[in-house]
Amino acid sequence: MQLWKGRFQKALSKTTNDFNSSISFDSRMYKEDIEGSIAHATMLGKCGIIKEEEAEDIVKGLKGIEKDIENGDLKIDMECEDIHTFVEGELTKRLGDNGKRLHTARSRNDQVALDIKLYLKKEAVNLKEMLGKLVEVLCNKAEEYSDTVMPGYTHLQRAQPITFGHHLLAYAEMFLRDISRIDDCRKRMDEMPLGSCALAGTTYPIDRNMTASLLDFERVTNNSLDGVSDRDHCMELASALSIVMVHLSRFSEEIIMWCSWEFKFVELDDAFSTGSSIMPQKKNPDIAELVRGKSGRVFGDTMTLLTVMKGIPLAYNKDMQEDKEAIFDAVDTVKMCLTAFTPMIETMKVLPDNMRKAAAGGFINATDCADYLTKKGVPFRDAYKATGELVAVCIEKGTTLEELPLEEYRKICDVFDEGVYQAITLEKCANDRKVLGGPNSGNVKAQAQRIKKLLEKN
């Protein structure tokens, strides 16, 4: 069945039909299509455009179709052009002429624009909830390991002592921004396009605000051309999801390194690891590796949407059918990654002793040693130079700043006294950084609580 076949005298070739068809991927929006049609029919009846009893008949028929699809009594016909054609065709089979009245004052152009917004509004809520769960897991672990000293890195070189809790909260902040971006995107897509029709609205006295209210939209679109041709919500959500995947990929990279024998900071639960077919000793972080790899899919989906939309004149063009597979894949991929990633983080075993050992071996308390001199009146640049010379001595002697005898300190700067050893303990170095946003244990716990309260508000 083609809704447009009246103009044509020849049947569509199977090749063209298959190429033109979108039901293989837009059939997932059957609930949204029926939801939108129920609201549209209700409005038509209330406005007297069709009789109220006809509208009630249509609504009843649509609810019956949804129920039959849900319980498996009705299979979606994949030979139909799209889900809109299938639903309307099935409705007409059941109701006859009343089914044909549904499409009054509506085009597939504004219908599909509505369906995808309804679908993505729901998925945006799902994505926020999944990200919120990950952030909650990170906060719980951050509180648990707020005192666990580990090396902080720059250039993948040991730099300064921090805590594992502090490190985890860095990712919590990233994912909080992701939640905020998705929330902002959802607010902007909360415009109801139905009533834009093909591109120029309609001569029927429809009430678009009534339809918007029935469908729980904040407002209606203000321009009919924009209403049918806008896919900013697809591009924006895909962009936000690309950034989610950047963050998941960065985190995955660290998990992969931390699992290696070279780091051994964490060990993943057996339920989230795999082995080797030939090397019996292996325990591979495949979940993290797959998440890292799947980031490329979402980036590609975003590029697809940008490329499809960049050269399209107003209003609707068939190119825009390409929006769905890309945004559906982006949403599906991120949800799949979060489904596996969150419990992987929640169940991983943290190895504090290995973190502490790594922190002790990289002179990451050198800045605190220089600060010790500065607080005794030595200019920072002189203190920096003296500490650098001390590090060189330690490397030459195969020792650490904590173990270097005081006489060696005093050879380089006579301001040093026994207090230096207390000043450069790793725990003190981390906990003395009480500045807002620093790795102090109390800070970490307070920040974790702050983030949890933000999640409750969302």
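**Helix packing and salt bridges in the predicted model**

In helix α3, residues E32, D33, E35, G36 and S37 meet Q111, L114, D115, L118, Y119 and K122 of helix α7. By class, this contact of α3 with α7 comprises 3 nonpolar, 3 polar and 5 charged residues. The structure described here is a predicted model.

The geometry of this helix pair was examined next. Two packed helices are described by the angle between their axes and the distance between those axes. Helix α3, which spans residues 30-46, packs with α7 at an angle of about 120°, and the two axes are 9 Å apart. Angles of 65 to 115 degrees count as roughly perpendicular, and those over 145 as roughly antiparallel; α3 and α7 are therefore oblique to each other. The crossing of the two helices, α3 and α7, is right-handed.

Charged side chains were then considered across the model. Side chains of opposite charge can pair when their charged atoms come close. A search of the whole structure finds 36 salt bridges. One of the salt bridges links E54 with R101, with the closest N and O atoms 3.3 Å apart. Because E54 belongs to helix α4 (residues 52-70) and R101 to the loop between α6 (97-100) and α7 (108-144), this pair ties together parts that are 47 residues apart in sequence.

Elsewhere, salt bridges that share partners join D68, E90, K93 and R94 into one network.

The pairing of K324 with D323 is also a salt bridge, and the closest N and O atoms of this pair are 3.0 Å apart. Both K324 and D323 are buried.

Conventions. Residues numbered from 1 in each chain as written. Predicted model: local features only at pLDDT ≥ 70, side-chain atom pairs only at ≥ 80, totals over all residues. Heavy atoms only, no water. Salt bridge = Lys/Arg side-chain N within 4 Å of Asp/Glu carboxyl O. Helix = DSSP H or I, 4+ residues; strand = E, 2+ residues; numbered from the N terminus. Buried < 20%, exposed > 50% of the residue type's maximum accessible area, 1.4 Å probe, protein only. Axes fitted to C-alpha atoms, helices over the stretch in contact; angles between N-to-C directions. Parallel < 35°, antiparallel > 145°, perpendicular 65-115°, else oblique. Left-handed = near helix turned anticlockwise from the far one by under 90°. Contact = heavy atoms within 4.5 Å. Nonpolar A, V, L, I, M, F, W, Y, C, P; charged D, E, K, R; others polar.
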